[in-house]
Each structure stands twice: as C-alpha cells, then as structure tokens.
Amino acid sequence: MTTQDVWRRGLFMLLFAIAFGGAQVVLNVVAIIQFVWLLFASNPNPFVLRFGTSLSVWLADVGRFLSCASDEKLFPWKDWPKAG
C-alpha cells in the first residue's frame, strides 16, 4: 500500500465509524419498534425482522472493514446486505 492508499483508507474508516454510530442508533430504534410490535401482535414483524437482520450484517461488515480484516467495499458501493 502506498501512503496515499493508507490515507484514503483512513478517510473511509472515519466515515464508516461515523456511519456505524448512526446505524447503532437505528438498530436500537428497530429493537424498540419490534418490542412494541411483540406486545400487541405476539409475533415479530417480518419487515422489521428482515431489516434488523440486514442491518446487523452491515454492522458486522463495517466492523471487519474498520479492523482491517476485510478490504471489501461496503454499502453504498455494493448492494445492501440481504437478510438470512
């Protein structure tokens, strides 16, 4: 890697670290919505379930990128991860 590549990766790491924090907030909101749904419907909401699963996959991908375990491009450079 050249010095320029390292700085570019550092910029992406910073941006994804910020996005990771925002996604954690979204995941917490999803968990609250799912809990409230469970209180009234006694079954998980399938849309919230799929979104929460795919968001969790994206968060794991970001964690691998931030720890340099992966150089794979993440959303928005590739498709949003599928649930399941």
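What share of the contacts in the protein chain with a separation of 6 or more comes from residues 24 or more positions apart? The share is 63%, with contact meaning heavy atoms within 4.5 Å. This is a predicted model, where local features need pLDDT of at least 70, side-chain atom pairs count only at pLDDT 80 or more, and totals for chains, interfaces and linings use all residues. Residues are numbered from 1 along each chain as its sequence is written, and side-chain values use heavy atoms, leaving out hydrogens and water.

**Fold and shape**
- The protein chain has two helices and zero strands; helices (H or I, at least four residues) and strands (E, at least two) are DSSP runs, numbered from the N terminus.
- Its radius of gyration is 16 Å, well over the 12 Å from the globule rule for 84 residues, so the chain is more spread out than a compact globule.
- That radius is taken over C-alpha atoms, and the rule is 2.2 Å times the number of residues to the power 0.38.
- Along the principal axes, the C-alpha atoms fill a box of roughly 55 × 20 × 20 Å.

**Core**
- The largest nonpolar core has eight residues: Phe16, Ala23, Leu55, Trp58, Leu59, Val62, Phe65 and Leu74.
- Such a core is a set of buried Ala, Val, Leu, Ile, Met, Phe, Trp, Tyr and Cys residues joined through side-chain atoms within 4.5 Å.
- α1 (3-41) and α2 (46-66) each give two or more residues to this core, and α2 supplies the largest share, five.
- Val62 is in contact with Phe16, Phe20 and Leu74, leaving aside neighbours within four places in sequence.

**Burial**
- Buried residues (under 20% relative accessible area, 1.4 Å probe, protein chains only) make up 21% of the 84 residues.

Technical notes
Buried < 20%, exposed > 50% of the residue type's maximum accessible area, 1.4 Å probe, protein only.
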